[in-house]
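Here are my notes on the two-chain model you sent over. Have the structure open while you read, and go point by point.

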Amino acid sequence: MRAQSMQRTLLSLVLRLLLLCMVATGKCSGKYHELLLQLQRQADLMQNPSTLLDPYIHLQGLHSPVLKGSCMERPGDFPSEDTLWRLSRQDFLRTLNTTLGLFLRMLSALQQDLPKAAQQQAEMNIRGLGNNIHCMAQLLHGSSDPEAAEPTQPGPGPTPPPPPLPTLPLDTFKRKLRICEFLQGYHRFMRRAGQVLRGWGERRGRNRRHSPLRGLQRAARRTWPFPGLRRLAPQGQLPR
Amino acid sequence: MAFFAILQTTFLLALLPLRTYQSEVLSEPLPLTPESLSISINSTKQCLHLQWTVHNLDYHQELKMVFQIEISRFKASEVIWTGNYSTTVMQNQVLHWSWESELPLECAIHFVRMRTMVDDARIPVPRFWSNWSSWEKADAQNSLGDHPLYVFPKDKLVEEGSDVTICYISRNHQDNISCYLEDVLTHGKQLDQSVWAFELKNVSFLRKTGTNFYCQGQGVPEGVVLYVSKVLEEPKDFSCETRDLKSLTCTWDPGDDTGLIGLPSYTLFESFSGKKTLCKHRNRCDWQVTQDSQEMYNFTLVAENYFRKRSVSILFNLIHGVHPVAPYNLFPKNVSATNATMTWKVHSIGNNSALLCQLQLLGEGKVIQQHNISVRVNGEYLLSELEPDTEYMARVHCAYADHFWKWSELISQNFTTAEAAPLEAPDVWRDVMFVSGHPTVTLFWKPLSKVHTHGKILFYNVVVENLDEPSSLEVLSVPAPANSTKVTLNQSSYQIHVTAHNSVGPSPASTVAVSGHPGNENVEEGRINGTEDGFPMSWKPQSRNATGYVVEWCDGPQNLPCVLQWKNLGPTTTGTVISSGAFRPGVRYNFRIYEISTKRMAHLLEKKTGYLEELAPSYNPHVVPNNLTSHSFTLSWKDYPTESQTGFIQGYYVYLKSKAGEKCHRGFEKTVLPDNSVCCKYTIDNPDQKTFVMKDLQPESVYEFLVTPYTSAGEGPLDDFRKVTTPDEYSHILINIILPMIFCVLLIMIACYLKSQWLKDKCYPDIPDPYKSSVLSLIKSKENPHITIMNVNDCVPDAIEVVNKPEGSKIQFTGTRKSPTETKVTPQAPDCQPGPLTSPENLLKTLEQNYMNSLGEIPAGEANLNYVSQLASPMSGDKESPPTNPPEPAFCSEYKMQMAIPLGLASPPPSENSSLSSTTLLDPGEHYH
């Protein structure tokens with residue numbers, strides 16, 4: 001258990017160093033696979049309940065089997081797996097970016113309810129992932145890869161609107177459970193996002209001929225959807 | 001009388017409205033019943049709030065009344081509480097009263113009614129209750145939704161140790177609902193068809209985020225959070241002080257945290273000024289001193305939370321609570337070897353009031369000087385009587401001089417005094433070795449103690465003064481930290497002076513004298529016993545003019561290099577105890593006691609040797625058994641060093657075990673070993689005896705023996721028995737015979753080997769060459785000079801022996817010619833008669849004799865053999881070539897005259913020539929008939 005915790009801490013440290021490196025240089029990596037791998041690793045880290053949900057459960061005393069059993073993701077809090085698979089890469093990144101931006105706001109509102117260290121750690125992770133999302137979006141926008149505009153899995157449906165922030169009940173017990181559900185949904189969502197990102201890697205392996213690296217130097221004009229996050233590349237915008 | 005009283009009451013009651021009427025508007029008297037009773041519910045506080053008025057109260061004055069209140073739960077008839085509420089009622093006053101329910105109000109419908117009675121002293125008794133008001137209903141369930149399950153009370157704040165009642169309302173009566181406090185299943189009491197209550201006794205604080213109580217039916221669990229607060233403690237150690245007479249600070253110990261964020265609050269009141277301030281910290285509060293020179297303050301600290309209010313008070317005199325700020329800029333100046341001046345500054349207080357400062361001087365962590373100085377702004381003090389080259393710490397703190405309350409915080413500064421010349425001469429001793437008659441002196445000195453060095457010792461000066469040649473001085477400089485040096489002298493007398501030098505100068509000199517001739521070393525060595533304190537020893541002075549004594553010894557065991565130690569003793573001392581942390585039990589230490597003469601010459605007085613504590617020998621000698629006989633053997637352990645043992649060896653024990661379990665021999669005693677085996681033991685009480693003869697043993701027996709030394713502490717280990725087997729009685733005799741025999745045989749074999757050529761010559765002489773025979777020379781010279789060898793054809797046999805094989809007939813000398821196949825030539829050389837035949841006569845005689853002998857010796861069974869002469873060549877006519885198959889010579893004959901050939905091998909078949917081979921060689925001149 002301690003060894004796992006140590007591994008997680010080390011992984012988190014590595015990711016943070018990567019982020020710091022990028023922030024320090026202010027440049028995005030132009031290597032698609034490297035960037036994709038980072039996104040996958042960050043998603044894997046953030047899907048781990050020990051980073052946020054478990055500390056919350058411990059702090060609030062929700063560790064009984066009954067309460068843990070009722071701490072399930074509530075539909076509608078985060079985009080479903082089906083939705084994510086049907087999004088194009090650009091739309092996926094946009095949805096991921098928006099959802100995490102909203103989650104970041106929620107975290108700020110939950111300062112009194114969450115362990116401080118876990119909350120700060122989660123914020124750092126989300127900001128790091130946001131930077132890489134930005135870089136990946138920039139990379140995809142500059143490429144002529146037709147897959148960039150295609151969904152990972154074929155299917156109908158436009159880009160869904162971001163889910164609204166949940167309204168927390170006044171009843172403290174219900175609030176505790178609701179936050180628990182919300183955090184559970186966050187980890188599940190990150191797990192789904194990681195699976196989609198792995199799907200990108202697999203498809204990329206099958207369709208090597210569509211190189212995303214072509215046209216990488218073209219500047220993209222897009223808005224930065226992360227509220228409160230400093231943009232790494234001011235001239236870049238997420239594709240719309 | 002009673003009747004009179006009733007009349008009076010009736011009269012007063014009748015008079016009451018009358019008086020009202022008289023004062024304002026007279027009206028008809030009405031009963032004083034509570035009116036307009038309304039109930040509201042405060043869920044947070046679980047309170048029923050009652051509000052009512054009293055009609056028909058016409059007095060302008062207040063009237064004291066009692067209200068009796070009844071509260072029912074679920075049904076009006078189920079009264080759960082009855083109580084009185086007394087108050088003074090005014091006209092048109094709306095009255096309020098609250099009742100806190102243990103059961104959350106949402107879980108049950110409550111009914112309330114009341115009645116009243118005048119309880120005013122002005123109204124004479126007896127007094128009567130009014131009629132009950134109608135039941136008023138309080139139903140909090142109306143506000144609930146349509147959820148199947150509700151748990152109450154929500155977010156209740158309770159104090160640790162209190163009891164709490166929690167209830168749930170289930171809309172679905174079929175549900176099997178379980179409730180848990182945290183994760184512990186809790187059992188409740190059913191109050192109604194749909195209501196259950198749970199009484200939690202003596203709740204305790206679990207966490208700041210509250211204790212969870214929840215129930216689960218079919219769906220999502222419903223629950224409540226109980227916020228349990230720890231009991232607010234009374235602030236302890238409440239005190240106030242000022243640092244500058246401009247503001248003051250009150251501090252206290254708040255005790256344990258109540259566990260709830262933001263609670264409790266602390267407020268500081270000052271009663272003289274009437275001011276108060278809300279404290280920003282839970283253990284400290286700041287208060288600004290007003291300009292009106294208020295000296296006395298009456299402070300009250302109030303700690304308050306939801307449940308309790310605690311307060312403590314003190315009366316504080318500002319002047320009596322001055323705690324100055326720590327001084328600053330503490331520095332040494334003018335630091336010499338023994339003096340230093342310390343300077344510092346202080347923060348001014350009030351109107352430049354004086355401060356009492358305390359300057360402390362610390363050496364090695366202890367306060368060695370302490371001085372009090374009155375200071376207004378700058379402090380200064382001269383520290384004296386300091387040690388040279390010593391690190392000190394000076395520290396200072398100050399207090400308000402007008403009234404001591406508390407020292408300020410300390411500030412400190414380290415400084416080191418300057419060096420001075422060493423104070424004492426080094427302690428010097430010498431070890432003198434005479435090499436080739438010349439003394440080689442090794443000088444040892446002990447490092448000076450830090451108190452005496454007064455600085456870092458840089459080197460030692462050694463001045464060698466030859467007393468026989470006063471002008472001869474030799475100076476050696478030995479750099480520190482060396483503590484010895486070696487000086488080679490000649491056979492004069494010397495004085496050696498040693499001084500230690502630091503950067504300032506030398507120490508006083510230490511002097512030792514050395515004679516050029518060896519002193520008396522033949523001093524008997526005495527034994528001493530060590531104690532816990534060391535080695536006590538005493539000696540007898542030899543000279544009355546001794547200036548002192550020195551005891552020297554080596555700190556380590558004898559087998560290690562000697563770390564020479566010595567102890568100087570005064571001239572009147574005749575005994576001392578030598579102690580050292582290096583002394584170990586079981587190690588022999590040798591001490592030498594010297595007497596120091598007035599000329600600083602050392603004379604050996606006594607030698608002592610001893611152990612701090614004797615131990616049993618750690619190992620046994622290596623014993624060699626020898627001289628082994630059938631009845632005895634000798635044990636020897638001559639190489640066992642008795643000097644280097646763990647105690648004085650007092651003797652040896654010889655243990656003997658025999659397989660046969662014999663009785664112990666004379667001198668031995670029977671003993672039982674630690675392993676319960678029995679053996680015989682012999683005690684050798686002479687430590688110098690290192691051989692022992694084991695006698696009276698049985699032949700061909702196995703014995704085990706062990707030799708172990710013993711000291712006063714015990715004997716050596718008994719785990720190294722060795723075996724020896726005695727031989728039988730005759731083996732030595734056999735050895736005495738067999739060994740010489742083997743030796744003789746070997747000698748003979750060697751002699752034979754060395755004389756082999758001689759033997760060969762004797763026993764196997766070379767076969768004579770017939771062509772070189774002297775017989776030929778005789779023939780040549782007498783008859784025919786051309787004849788070289790006798791031809792068979794030239795011979796006329798005159799005797800042939802025929803052997804009749806089948807019949808085994810008797811061999812006869814018939815004189816007939818021989819058969820071509822079975823012929824025999826009989827001449828045979830005589831045994832062991834070397835040398836050529838000297839004459840034909842001799843030859844013939846010899847041949848005849850041998851022939852006859854041969855006939856007589858041939859056994860009957862061998863008569864079928866052919867006898868072939870080997871003297872003649874088988875190849876007739878080939879006189880020049882040697883015989884192709886020379887026969888082997890027989891033992892002890894010059895040549896072999898005949899050889900036996902089996903019939904089967906007698907090939908080739910006899911030819912004419914070959915038949916000649918059987919011809920007897922005869923002298924041509926003399927035929928044998």
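Is A:Arg175 buried, partly exposed or exposed? A:Arg175 counts as partly exposed, because its relative accessibility is 23%; here buried means under 20% relative accessible area, exposed over 50%, and partly exposed in between, with a 1.4 Å probe and protein chains only.

1. Ground rules. This is a predicted model, so local features need pLDDT of at least 70 and side-chain atom pairs count only at pLDDT 80 or more, while totals for chains, interfaces and linings use all residues. Residues are numbered from 1 along each chain as its sequence is written, chains are lettered from A and ligands numbered from 1 in the order written, and side-chain values use heavy atoms, with hydrogens and water left out.

2. Chain A overall. Chain A has eight helices and zero strands; helices (H or I, at least four residues) and strands (E, at least two) are DSSP runs, numbered from the N terminus. Of its 240 residues, 51% count as buried. Take the contacts (heavy atoms within 4.5 Å) between residues at least 6 apart in sequence: in chain A, 84% of them join residues at least 24 apart.

3. H7 of chain A covers residues 116-142, 27 residues in all, and reaches 39 Å from its first C-alpha to its last, close to the 39 Å expected at 1.5 Å a residue. The expected span is 1.5 Å times one less than the number of residues. H7(A) is mostly covered, with 20 of its 27 residues buried. H2 of chain A (residues 32-46) has 15 residues and should span 21 Å, which agrees with its end C-alpha atoms being 21 Å apart. Buried residues in H2(A) include A:Tyr32, A:Leu35, A:Leu36 and A:Met46.

4. Salt bridges inside chain A. Side chains of opposite charge can pair when their charged atoms come close. A salt bridge here is a side-chain nitrogen of Lys or Arg within 4 Å of a carboxyl oxygen of Asp or Glu, and the structure holds 25 of them over all chains. A:Asp77 pairs with A:Arg178, the closest N and O atoms being 2.7 Å apart. That pair links distant parts of the chain, 101 residues apart: A:Asp77 is in the loop between H4 (65-70) and H5 (81-86), and A:Arg178 is in H8 (residues 172-206). A:Asp77 is buried, at 7% relative accessible area, and A:Arg178 is buried, also at 7%.

5. Back to A:Arg175. Its salt-bridge partner is A:Asp113, with the closest N and O atoms 2.6 Å apart. This pair also links distant parts of the chain, with A:Asp113 in the loop between H6 (89-109) and H7, A:Arg175 in H8, and 62 residues separating them. A:Asp113 is buried, with a relative accessible area of 11%.

6. Chain B overall. The secondary structure of chain B comes to six helices and 55 strands. Of its 929 residues, 41% count as buried. Among chain B contacts between residues at least 6 apart in sequence, 66% join residues at least 24 apart. B:Thr267 counts as buried because its relative accessibility is 13%. Leaving out residues up to four places away in sequence, B:Thr267 touches B:Lys276, B:Thr277, B:Leu278, B:Cys279, B:Thr300, B:Leu301 and B:Val302.

7. The interface. Here 20 residues of chain B are in contact with 18 residues of chain A. The two chains bury about 1,400 Å² between them, 56% of it on carbon and sulfur atoms; buried area is the accessible area (1.4 Å probe) that two parts lose on being put together, summed over both. The rule finds eight residue pairs in polar contact across the interface, both residues at pLDDT 80 or more. A polar contact is a pair of N or O atoms within 3.5 Å; within protein, one must be able to donate a hydrogen and the other to accept it, and residues adjacent in sequence count only if both atoms are side-chain atoms. On the side of chain B that touches chain A, strands S15 (211-216) and S16 (222-229) are the elements that give two or more residues. S16(B) supplies the largest share, five residues.

8. A salt bridge between chains. The count between chain B and chain A is two salt bridges. In one of them, the side chains of B:Lys154 and A:Asp171 meet at 2.8 Å, N to O. B:Lys154 counts as partly exposed at 27% relative accessibility, whereas A:Asp171 counts as buried at 13%.
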